[in-house]
Amino acid sequence: MNEVLKMLLDGENLSTEQMAKILACDKSAIEADLARLKAENILLGWRPILHPNAAGQNQVRALIEVKITPEREGGFDRLAERVSGFEEVESCYLMSGAYDLMVIVKGPTLHTVANFVSSRLATIGGVLSTATHFMLRAYKEQGFVLAANGPDADKPSVSP
């Protein structure tokens, strides 16, 4: 794996000067490598990882199992790309096993997400069925443990 890419994945957000110092190379080499990674669509962007309970993060997330009929010319790709185009869709993956697509959807309320699934996702031609699983609590997000000291850490202590 590219050393700059590995550093980005493993570490904190570092400046190009800091990366150059750690890798013992010139800052311009780091900048050129980053530009190449972006041009080749390897490095797609930067996203902070936020705790789901953080202020302003009152979003409902759901994992949707979607069974689809592959198209003659496009296989699963055309339907997956269509599903991925919805603003509510956070992620979309082709899966092996009991269903074809795993779609992660977000919205402001349970009703909004349920309405999206029933009125927009399930009505797409080629979609055979959906199964919605609402995410109730996150314990780990993209490698970061969120639950501190067990399941009752965020509950206030009770006096006897």
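Trainee: Which residues on the other side of H2 are called exposed, and what makes them so?

Mentor: They are Lys-21 and Ile-22. Exposed means over 50% relative accessible area, buried means under 20%, and partly exposed lies in between (1.4 Å probe, protein chains only). The model is predicted, so local features need pLDDT of at least 70 and side-chain atom pairs count only at pLDDT 80 or more, while totals for chains, interfaces and linings use all residues. Residues are numbered from 1 along each chain as its sequence is written, and side-chain values use heavy atoms, with hydrogens and water left out.

Trainee: Which residues of helix H2 are buried, and why are they said to line one face?

Mentor: In H2, residues 16–23, the buried ones are Thr-16, Met-19 and Ala-20. Seen down the axis of H2, they fall within an arc of 100°, so they line one face of the helix. That arc is taken over the directions from the helix axis to the C-beta atoms. An α-helix has 3.6 residues a turn, so residues three or four places apart point the same way.

Trainee: Why is Ser-91 called buried?

Mentor: Its relative accessibility is 19%, and the cut-off is under 20%, so the label applies. Ser-91 belongs to strand S2, residues 89–94. A strand here is a DSSP run of E with at least two residues, a helix a run of H or I with at least four, and both are numbered from the N terminus. By that count the protein has 5 helices and 6 strands.

Trainee: Which residues does Ser-91 touch, beyond those up to four places away in sequence?

Mentor: Met-102, Val-103 and Ile-104. Contact means heavy atoms within 4.5 Å. Val-103, leaving aside neighbours within four places, is in contact with Ser-91 and others, including Ala-62, Ile-64, Val-66 and Cys-92.

Trainee: What makes a nonpolar core, and how many residues has the largest?

Mentor: The term covers buried Ala, Val, Leu, Ile, Met, Phe, Trp, Tyr and Cys residues joined through side-chain atoms within 4.5 Å. The largest has 19 residues, and Ile-64, Val-66 and Val-103 have the most contacts inside it. Two or more residues each come from strand S1 (60–68), helix H4 (77–84), strand S3 (101–107) and helix H5 (110–121). S1 gives the most, with 5 residues. Another core lies apart from this one and has 7 residues, among them Val-4, Met-19, Ile-30 and Leu-34.

Trainee: How do you know that S1 and S3 pair?

Mentor: Pairing requires at least two DSSP bridges between two strands. S1 and S3 have 7, in the antiparallel sense, so they qualify. Ala-62 stands opposite Val-105 in S3.

Trainee: What is the strand order of the open sheet, and why do S2 and S4 count as edges?

Mentor: The order of the 4 strands is S2-S3-S1-S4, with antiparallel pairing. S2 and S4 (127–134) each have a single partner strand, so one side of each is left without a neighbour in the sheet. Neighbouring strands are turned by 20° against each other on average, direction ignored.

Trainee: Which strands of the sheet does H4 touch?

Mentor: H4 touches S1, S2 and S3, and its direction makes about 165° with that of S2. H5 touches S1, S2, S3 and S4, at about 170° to the direction of S4. Such angles run from 0 to 180 degrees between N-to-C directions, with axes fitted to C-alpha atoms, for helices over the stretch in contact.
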